[in-house]
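Open the model in your viewer and keep the selection tool handy. We will go chain by chain, then stop at a few places where elements meet.

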Amino acid sequence: MDVMVRHLEFDEWMAARLPGLLRFAYLVTGTQHAAEEAVQAALAKVYERWATVSSIDDVERYVRRAVVNAHISDWRRHGRRLTPVAEVRGDGHPDPADRVSRADLVWRVCEGLPARQRAAVVLRFYEDLDYPEIARVLDCSEATVRSHVHRGLAGLRAELERQEDPR
Amino acid sequence: MSEKYDERELEQIMRAGLAERATGAPDRLTEPFVGRHRHRRAWLGAIAAAAVVVGGVGVGLAVGQSDDGRGPDRSPTSAGDPAGVPEDWRAESYGGIQVWVPPAWGTGAAPFEETWDGAGELLHCRDGVPSGPYVGRPVMESDACAVFDSDRQPTPSADFAWIGSVVEPGTIDLGGGYVEETVAVGGVNVTVASTDADLRAQILGSAEAVAVDANGCRTGISTPLRPEGPAEIEATSLSVCLYETDLDGNTVLVWSDRRGAADATAYTEATYETSQLYDAGPCERRSPEGQWLEIGANGPDATRWDVVTFDCMWGETPDSQYPLNKQTVDPWASPAVKMYVVGPSDLHAGLNGYFRGILG
């Protein structure tokens, strides 16, 4: 493929997909900085292999996997650690005004999930991918994906019930 | 008891929560896309700009002996033991190159070329200036990095050897009587700095490329590993092999150790006992990525190779899985493990202090 054509095609694809990729990476990594890092690394890999990708579906899958792997790899390389979820405990006098919003609660639950579990949850409930496709992105079995998603929802249920009945 | 939220409600809450959270995501890159032009990544630029040069503070070194005085059962007569090296010296290897050093030498970090974006800057990332002699590998001991210039090195306060060195072959006078000499062995540079010319020559003379190092660890790994060997074994020593696999699947032996019969027995017993009630949950074996270990339980006639990974916080023997906890990690833990292995700390199974933690 001609280099200039490759640049143009890549630029066009990147312009269209960048906001979505950043949102996905933001949910997977948890911070703006880490999201940009992961997307930068993923885009670099996609660009290197742009001439050989066979379809946009492949690119989408590849870049999502690269974002997840870049995040996990970065954590390992630099010893970065997910902030453990802070358990919310009531004082026996639940006050609706003190309750965090459900969006905050959802995020707190997600923050407490291991990286791959969180990625599975984001791919399922934000990217709306089905289980087989998530398995292809994460390079694992469909059963593992289902388990990851189930655990995410179980965590959410526990947190919701804890918030509503803080004993 | 019926549950208050059914699956569909939970899914809706999850979807709504993630969608709302995503509104806080950036919609563009703060730094322009750098992959095409191979510019350095923003965070690394920030580290380099900060160029934290830590000086004047002596730090404890990881020495080849555990805190309780149990010395690893070195095997000076193993294959690869070069002639002329004192019997109590120990083997240290990185990337297929092995050298022998005096027993009191510790372990640490050597400068390396950052290759994450191809910028090729030389960095030395460590937790202070070592106060004693050490063997360094090209790893990040800390996120405090100084830009390394071989022509402008400070005078060291102790001898050192770097395996996988970024210093070009030759000799450099570091001042204070220290001479730094670098040779190429098997395509890898080995640097030794000392005031003692004989010691320098002896260490450099011991450097060699090996397929299996003196601790029993394979230096060339080209395929994802599986636990292998007899499930039950009367182990007389442990080979502890730390590997790192990058995103392209390249694997390097970062560090190795050999532990004695007592540790080998403690390890095999711990893996058996803890595997009995261990539920591995949804985790599944994957191709190794990042840091992982092979633990070889060496018997009289065979070796049982277990694989330890941190994704699932488990070890795998040929016929079982076991959790990483104090009981199963203690037999192979050491100050060098804490130096080189980025792992869990206080959040997991009483392993606080066994591994390198957050940011060094």
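Start by selecting chain B, which has 6 helices and 21 strands; here helices (H or I, at least four residues) and strands (E, at least two) are DSSP runs, numbered from the N terminus. You are looking at a predicted model, in which local features need pLDDT of at least 70 and side-chain atom pairs count only at pLDDT 80 or more, while totals for chains, interfaces and linings use all residues. For finding your way, residues are numbered from 1 along each chain as its sequence is written, and chains are lettered from A and ligands numbered from 1 in the order in which they are written.

Of the 360 residues of chain B, 41% count as buried. (A residue is buried if 20 or more other C-beta atoms lie within 10 Å of its own, exposed if 12 or fewer, and partly exposed in between, with C-beta atoms placed from the backbone.) Among contacts in chain B between residues at least 6 apart in sequence, 65% join residues at least 24 apart; two residues are in contact if their C-beta atoms, placed from the backbone, lie within 7 Å.

**Two sheets in chain B**

Next, select residues 90-94, 97-101 and 208-209 of chain B. They form an open sheet of 3 strands in the order β3-β4-β15, with antiparallel pairing. Its edge strands, β3 and β15, each pair on one side only. Strands β4(B) and β15(B) are joined by 2 bridges (two strands pair if DSSP finds at least two bridges between them). Click on Ile97(B) and you will find its bridge partner, Ala209(B), in β15(B).

Now move to residues 112-113, 122-125 and 145-147 of chain B. This is another open sheet of 3 strands with antiparallel pairing, ordered β6-β7-β10. The edges are β6(B) and β10(B). Between β7(B) and β10(B) there are 3 bridges.

**Over to chain A**

Chain A has 7 helices and 0 strands, and 35% of its 167 residues count as buried. Among its contacts between residues at least 6 apart in sequence, 67% join residues at least 24 apart.

Select α4 (residues 102-111) and α7 (residues 142-164) of chain A: they pack at an angle of about 130°, with their axes 9 Å apart. (Axes are lines fitted to C-alpha atoms, for helices over the stretch in contact, and angles run from 0 to 180 degrees between N-to-C directions.) That angle makes α4(A) oblique to α7(A); angles under 35 degrees count as roughly parallel, over 145 as roughly antiparallel, 65 to 115 as roughly perpendicular and the rest as oblique. Show side chains for Leu105(A), Val106(A), Arg108(A) and Val109(A) in α4(A), which meet Gly155(A), Leu156(A), Glu159(A), Leu160(A) and Gln163(A) in α7(A).

**Where the chains meet**

Finally, select α5 (residues 115-125) of chain A and α1 (residues 7-22) of chain B, whose axes come within 10 Å and cross at roughly 95°. That makes the two helices, α5(A) and α1(B), roughly perpendicular. Val121(A), Val122(A) and Phe125(A) make the contact with Glu11(B), Met14(B), Arg15(B) and Leu18(B). Is α5(A) mostly covered or exposed? Mostly covered: 10 of its 11 residues are buried, including Arg116(A), Gln117(A) and Phe125(A).
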